[in-house]
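Hi everyone, thanks for making time. I'd like to walk you through one structure today, so please have it open as I talk.

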Amino acid sequence: MRIGDLRHRVELQSTASVSDGMGGETLTWSTQAIVRAAIWPIPAIEQIRGGAPTMIGTHRVRIRYYSDLDPSWRIKFGDRYFSIVSIVNPDERNRSQELLCKEVIL
């Protein structure tokens with residue numbers, strides 16, 4: 001991985017339950033880390049295998065290895081949000097992570 005590939009700044013966000021003051025809870029997103037990332041759209045050919053949809057992703061994101069990352073988190077890039085579909089640790093070397101993500105329209 002070249003340093004120049006990680007040209008975007010993204011936020012890794014997780015959910016947290018917050019009391020709404022009336023006995024209930026509300027889910028909110030909080031930023032856990034701000035990291036550098038490379039982001040690529042995925043061509044439609046990679047989204048479908050054998051005529052049937054598999055894990056649908058719209059973007060691939062590469063970041064430096066972040067040990068606490070969880071698939072329930074999301075990525076905030078500017079005013080865009082991406083839910084994490086899968087996390088891959090290439091060669092299990094703990095140097096980088098490839099995230100298959102799906103863009104979420106809020």
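Let's start here: what pattern does the protein chain follow, read along the sequence? The answer is β-β-α-β-β-β-β-β-β. Counted up, that comes to one helix and eight strands. Helices and strands here are DSSP runs, numbered from the N terminus: a helix is H or I with at least four residues, and a strand is E with at least two.

Two quick notes on what you're looking at. This is a predicted model, where local features need pLDDT of at least 70 and side-chain atom pairs count only at pLDDT 80 or more, while totals for chains, interfaces and linings use all residues. Residues are numbered from 1 along each chain as its sequence is written, and side-chain values use heavy atoms, with hydrogens and water left out.

Okay, the barrel. Six strands make a closed barrel in the order S1-S2-S5-S8-S7-S6, and the pairing is antiparallel. On average, neighbouring strands of this sheet are turned by 45° against each other, direction ignored. For that angle, axes are lines fitted to C-alpha atoms, and angles run from 0 to 180 degrees between N-to-C directions. What holds such pairs together in general? Strands of a sheet pair through backbone hydrogen bonds, either parallel or antiparallel. Two strands count as paired here if DSSP finds at least two bridges between them.

Let's go through some of those pairs. S1 (residues 8–19) and S6 (residues 74–77) run antiparallel, joined by three bridges. There, leucine 12 sits opposite isoleucine 75 in S6. S6 then joins S7 through four bridges, again antiparallel. Those two strands form a hairpin with two residues between them, and glycine 78 in the turn has a positive phi of about 65°. Now watch serine 83: in S7, serine 83 is the bridge partner of arginine 74, and serine 83 also has a bridge partner in S8, lysine 102. S7 (residues 80–88) and S8 (residues 96–104) pair antiparallel over seven bridges.

Next, the loop between S7 and S8. Which residue there has a positive phi near 50°? That's glutamate 92, a residue other than glycine, and glutamate 92 lies in this loop. Asparagine 94 is in the loop too, with a positive phi near 55°. Are they buried or exposed? Glutamate 92 counts as exposed, because its relative accessibility is 63%. Asparagine 94 counts as partly exposed, at 42%. The cut-offs are under 20% relative accessible area for buried, over 50% for exposed, and partly exposed in between, with a 1.4 Å probe and protein chains only.

The C-alpha atoms of arginine 64 and asparagine 94 are separated by 8.3 Å, although the two are 30 residues apart along the chain. Arginine 64 is partly exposed, with a relative accessible area of 39%.

On to the aromatics: the count is one aromatic pair. Tyrosine 66 and tryptophan 73 form that pair, and it's tilted, at 6.1 Å centre to centre with 55° between the planes. Rings of Phe, Tyr and Trp (its six-membered ring) pair if their centres lie within 6.5 Å; planes under 30 degrees apart are stacked, over 60 edge-to-face, and the rest tilted. Tryptophan 73 counts as buried, because its relative accessibility is 11%.
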